[in-house]
Amino acid sequence: MAGLTSRERMIRSAVELISRNGVDATSFNDVIKHSSAPRGSIYHHFPGGKTQLMVEAVQAAGAVITRRISAASATGSPADIIDAVGDIWRRNLANSDFAIGCPIIAGGLARASEPEVAQAAAEVLAGWQTLVETALGEAGSPPDQARSMANLTIASIEGAVALCQTTRSIEPLERVMATLQDLSKITVAHRY
């Protein structure tokens, strides 16, 4: 994490830690140790405490996929969007030996203890769905089909990530991506 400020290192560390352990199991001490940030800096950068750090981590992680979806939708087909998102997960799962899951889902699952973090996660997921829905609409899919396909895309990829972690195989993600790419072509081709 050379070249990053201590604040940026803490956010990146929080993303990785909640991706591995969840929000509830990630403490300030864990983030400080992982990021090698000075102890006093965490309260300086995150006066809102753990909640602020976790919200910003979820938003930062979400922005990575948002940028990928936006870039793919600007230059390619809906199938390209699916491939762009899937490629991130292929690499993350393989590089972490299937230990890293989705920090956005981890944030959403913390609703009982960290409702603000869960709300940030819900907003990220809604943003992804809107981007995919818009891309499908621009490719010619009718609005109701675009909305349903966008929901299916996000839910399927997120579910596939969990299956990959559980089975320690990339195959569930590959199958889901292939199916979603085929469905996106059908959705766009069958305009009503």
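Which residues in helix 1 meet which residues in helix 2? Before answering, I note that I am working with a predicted model. I looked up the contact and found that Arg9, Met10, Ser13, Ala14, Glu16 and Leu17 in helix 1 meet Asp30, Val31, His34 and Ser35 in helix 2. Sorted by class, this contact of helix 1 with helix 2 has 4 nonpolar, 3 polar and 3 charged residues.

Next I looked up the geometry of the pair. The axes of helix 1, residues 6-21, and helix 2, residues 28-35, come within 9 Å and cross at roughly 115°, which means that helix 1 is roughly perpendicular to helix 2. I also wrote down that the crossing of helix 1 and helix 2 is right-handed.

The largest pocket holds about 660 Å³ of space, and I found 27 residues lining it, with Val15, Glu16, Ala61, Val64 and Asn92 lying nearest its centre. The elements that give two or more residues to this lining are helix 1, helix 4 (49-75), helix 5 (78-95) and helix 6 (103-108). By class, I recorded 15 nonpolar, 6 polar and 6 charged residues in the lining of the largest pocket.

For the second largest pocket I noted a volume of about 160 Å³, and 14 residues line it, of which Ser19, Gly101, Cys102, Ala106 and Gln165 are the closest to its centre. Here the elements that give two or more residues are helix 1, helix 6 and helix 8 (143-167).

The largest cavity has a volume of about 60 Å³, and its lining consists of Ile65, Ile69, Ile81, Val85, Trp128, Val132, Thr153, Ile154, Ile157 and Glu158. Helix 4, helix 5, helix 7 (115-138) and helix 8 each give two or more residues to that lining, and helix 8 gives the most, with 4 residues. I counted the lining of the largest cavity by class as 8 nonpolar, 1 polar and 1 charged.

The second largest cavity has a volume of about 30 Å³, and I listed Pro78, Ile81, Ile82, Val132, Leu136, Thr153 and Ser184 as the residues that line it. The largest share of this lining, 3 residues, comes from helix 5, and the residues divide into 5 nonpolar, 2 polar and no charged.

Notes
Residues are numbered from 1 along each chain as its sequence is written. This is a predicted model: local features need pLDDT of at least 70, side-chain atom pairs count only at pLDDT 80 or more; totals for chains, interfaces and linings use all residues. Side-chain values use heavy atoms; hydrogens and water are left out. Axes are lines fitted to C-alpha atoms, for helices over the stretch in contact, and angles run from 0 to 180 degrees between N-to-C directions. Angles under 35 degrees count as roughly parallel, over 145 as roughly antiparallel, 65 to 115 as roughly perpendicular and the rest as oblique. A crossing is left-handed if the near helix is turned anticlockwise from the far one by less than a right angle, and right-handed if clockwise. Contact means heavy atoms within 4.5 Å. Ala, Val, Leu, Ile, Met, Phe, Trp, Tyr, Cys and Pro count as nonpolar, Asp, Glu, Lys and Arg as charged, and the others, Gly among them, as polar. On a 1 Å grid over the protein atoms alone, a cavity is a set of points where a 1.4 Å probe fits but cannot get out, and a pocket is an open set with protein on both sides within 12 Å along at least five of seven lines; lining residues have an atom within 4 Å of a point. Grid points are joined across faces, edges and corners, and a volume is the space filled by probe spheres set on the points.
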